[in-house]
Amino acid sequence: MQAQAEYVARRRIALLHRIRDHARARLAQLKQQHRVQTYDDLIDGVADALDGEKGDALARQLRTQYAVALVDEFQDTDARQYAIFRRIFARAGSALFLVGDPKQAIYRFRGGDIHAYAQAARDADRRWSLAGNWRADPALVEAINALFA
């Protein structure tokens, strides 16, 4: 009886995997037919191109075209995105600036990854921290309120 239950459970899991794989393939086919790309598709495309046979040439071309990259809200970046930035811009002759709040990275908002943030912090040549939160400065708040009044 237990062997039969285990067999049924394994078959259900296998069926779920087949359904998932079919759904992924069908979604990819539909997106290709309708010429639609999601944000994740764009990231996957760049990552795959950089990992491909002409990846070094692509990275060189991007460094030539853009010598400096600034990534704001870096806490919302995942490991794959960071690998793209690091591959292209963490080289001599280019610069990569990352602006983010590690306290926000833990929330995984928009796929952010605290481990990617921590890796970037370890990779950094230099780090700066703001001593105060100027967004809530009374004079700034008053000025913004006056602007919208």
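Let's start with a pair of helices: α4 passes α6 in a right-handed crossing. Keep in mind that what you're looking at is a predicted model. To find the pair, look for α4 at residues 79-89 and α6 at residues 114-123. Their axes come within 9 Å of each other and cross at roughly 25 degrees. Angles under 35 degrees count as roughly parallel, so α4 and α6 are roughly parallel to each other.

Which residues of α4 and α6 make the contact? On the α4 side you'll find Ala-79, Tyr-82 and Arg-86, and on the α6 side Ala-116, Gln-119, Ala-120 and Asp-123. Sort these residues by class and you get four nonpolar, one polar and two charged.

Now stay with α4, but turn to helix α3, residues 55-65. These two helices pack at an angle of about 75 degrees, and their axes are 8 Å apart. Angles from 65 to 115 degrees count as roughly perpendicular, which means that α3 is roughly perpendicular to α4. From α3, the contact uses Gly-55, Asp-56, Ala-59, Leu-62 and Arg-63; from α4, it uses Arg-87, Ile-88 and Phe-89. This contact has four nonpolar, one polar and three charged residues.

How much space lies in the largest pocket? About 1400 Å³. The pocket is lined by 35 residues, and the closest to its centre are Leu-98, Val-99, Gly-100, Tyr-117 and Trp-128. By class, the lining splits into 17 nonpolar, seven polar and eleven charged residues.

How values were computed. Residues numbered from 1 in each chain as written. Predicted model: local features only at pLDDT ≥ 70, side-chain atom pairs only at ≥ 80, totals over all residues. Heavy atoms only, no water. Axes fitted to C-alpha atoms, helices over the stretch in contact; angles between N-to-C directions. Helix = DSSP H or I, 4+ residues; strand = E, 2+ residues; numbered from the N terminus. Parallel < 35°, antiparallel > 145°, perpendicular 65-115°, else oblique. Left-handed = near helix turned anticlockwise from the far one by under 90°. Contact = heavy atoms within 4.5 Å. Nonpolar A, V, L, I, M, F, W, Y, C, P; charged D, E, K, R; others polar. 1 Å grid on protein atoms, 1.4 Å probe; cavity = no way out; pocket = protein on both sides within 12 Å on 5 of 7 lines; lining within 4 Å. Points joined across faces, edges and corners; volume = space filled by probe spheres on them.
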